[in-house]
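Let's take a walk through this structure together. Please keep the sequence and the 3D view side by side as you read.

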Amino acid sequence: MINRITELFGIQHPIIQGGMVWASGWRLVSAVSNAGGLGLLGAGSMYPEVLREHIQKCRKATNKPFGVNIPIMYPDIDKLMEIILEEKVEIVFTSAGNPTLWTQILKKEGVKVAHVVSSSKFAIKAQEAGVDAIVAEGFEAGGHNGREETTTMTLIPSVKQHIHIPIIAAGGIATGRGMLAAMALGAEGVQIGSRFIATDEASSHMNFKKMVLTADEGSTILTMKELAPVRLLKNKFYEQVKALYDRQEATPENLKVLLGKGRTKRGMFEGDLDEGELEIGQVASLIHEIKPVKAIFEEIIDEYNKALKSLSQII
C-alpha cells in the first residue's frame with residue numbers, strides 16, 4: 001500500500017506502533033520497523049541517557065525508519081529533545097502538550113513530526129503548528145486519554161473535515177478489519193498500541209502480558225479525570241481509586257497521594273498485578289495470544305486484504 005503516510009515515513013505498511021511506556025523498547029521498535037511498519041520508542045518511561053541507549057541499539061537492530069514518541073509535558077523534555085537531536089532521530093511523535101513548543105524546532109532539523117490529539121480543536125491547532133501528520137486517538141485507547149470520551153469512529157471523520165494533512169487513527173485498532181474501518185473513515189494509517197503489548201518483543205512484564213489475555217469487554221475503564229484521564233485494567237489498585245470516587249474524595253490531591261511514584265512501572269514493567277497501574281486499551285478483549293511482531297503483522301495485513309475483498313464483493 002502506498003499513500004501519504006507510507007511516503008512520509010518511508011515505510012511499507014501504514015501501521016505505526018504506539019510508543020507505550022514500559023513496553024516500547026528497542027526490541028519491539030526494531031521488530032515493528034523490520035516488519036514494514038514504523039516503530040516508536042516510548043520516551044515517556046526513559047531517562048535521557050536510557051533513551052540514547054535505546055536509539056543506538058535500535059539503529060543496530062534495523063536499517064528501517066523508526067522514531068520516538070515523547071510526551072511534551074515530561075519533566076525532562078529539554079534533555080530528551082537534546083538527545084533526539086544529537087542522535088539525529090528523523091521521526092518524532094509528540095503528545096500530551098502544546099505542539100507549538102517543539103514542532104518548528106524539530107522541523108528545522110529535518111525531523112518529521114506527528115502529534116497525538118483527542119479532538120478536532122486540537123487537531124486544527126497541531127496543523128497550524130506545522131506538524132506533518134495527526135494521530136487522532138479515540139476514547140477506546142489505553143494509557144492517557146482525552147477527556148472528551150470521543151470514540152475513534154466519531155473522531156476520525158470529524159477531524160478529517162477540519163484538516164488537510166494525513167490522519168493516523170488510534171484507539172481500539174488491533175486487527176486488519178479494524179484497520180480497514182479506520183481507512184474507510186478517512187485515516188491513511190493506524191497506530192496500534194495494545195496489540196503490541198502481547199508480543200515476545202515488548203519489554204512489559206510477562207505477568208502483565210498474560211493478564212491482558214484474560215481481559216474481556218468491560219475489563220478496562222477510563223478514570224482519574226481529575227488528575228489525568230487514563231484507561232486501566234481493573235485490579236486491586238483500581239479498586240482503591242474507585243473507593244475514593246465512592247467516598248466522593250477523588251480530588252487531584254488525593255489521587256496524587258494514592259498514585260504515588262512509579263506505579264505504572266510497578267505494574268507494567270515489574271509485574272505487580274495488584275498494586276501496579278496497568279494501562280491497556282478496550283481492544284484487549286480481542287487479544288488472546290502472545291505472538292512475535294512479525295506474525296502479528298502478517299495476520300493484520302492478511303485480514304485487511306481479505307476484508308477489503310469481501311467488502312468489495314458485498315458492494
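The protein is divided into domain 1 (4-203 + 286-312) and domain 2 (213-283), with bounds that come from an automatic or database domain assignment. This is a predicted model, in which local features need pLDDT of at least 70 and side-chain atom pairs count only at pLDDT 80 or more, while totals for chains, interfaces and linings use all residues. Residues are numbered from 1 along each chain as its sequence is written, and side-chain values use heavy atoms, with hydrogens and water left out.

How far apart are the centres of domain 1 and domain 2? Taken over C-alpha atoms, the separation is 23 Å. The two domains also touch: 24 residues of domain 1 are in contact (heavy atoms within 4.5 Å) with 17 residues of domain 2.

Now look inside. In soluble globular proteins, nonpolar side chains tend to be buried together. A nonpolar core here is a set of buried Ala, Val, Leu, Ile, Met, Phe, Trp, Tyr and Cys residues joined through side-chain atoms within 4.5 Å, where buried means under 20% relative accessible area, exposed over 50%, and partly exposed in between (1.4 Å probe, protein chains only). The largest nonpolar core has 72 residues, and Leu51, Ile134 and Phe196 touch the most other members. Helix H14 (residues 293-314) gives the most to this core, with seven residues; helices are DSSP runs (H or I, at least four residues) numbered from the N terminus. Domain 1 and domain 2 each supply at least three residues to this core.

Leaving aside neighbours within four places in sequence, Phe196 is in contact with residues including Gln17, Leu28, Val293 and Phe297.

Next, find helix H2 (residues 26-34) and helix H3 (residues 48-61), which pack at an angle of about 35° with their axes 9 Å apart. Those axes are lines fitted to C-alpha atoms over the stretch in contact, and angles run from 0 to 180 degrees between N-to-C directions. Trp26, Val29, Ser30 and Asn34 of H2 meet His54, Lys57, Cys58 and Ala61 of H3.

Finally, visit asparagine 254 in helix H12 (residues 252-259). Is asparagine 254 buried or partly exposed? Asparagine 254 is partly exposed, because its relative accessible area is 32%. Beyond its neighbours within four places in sequence, asparagine 254 is in contact with Leu244 and Glu249.

Technical notes
Helix = DSSP H or I, 4+ residues; strand = E, 2+ residues; numbered from the N terminus.
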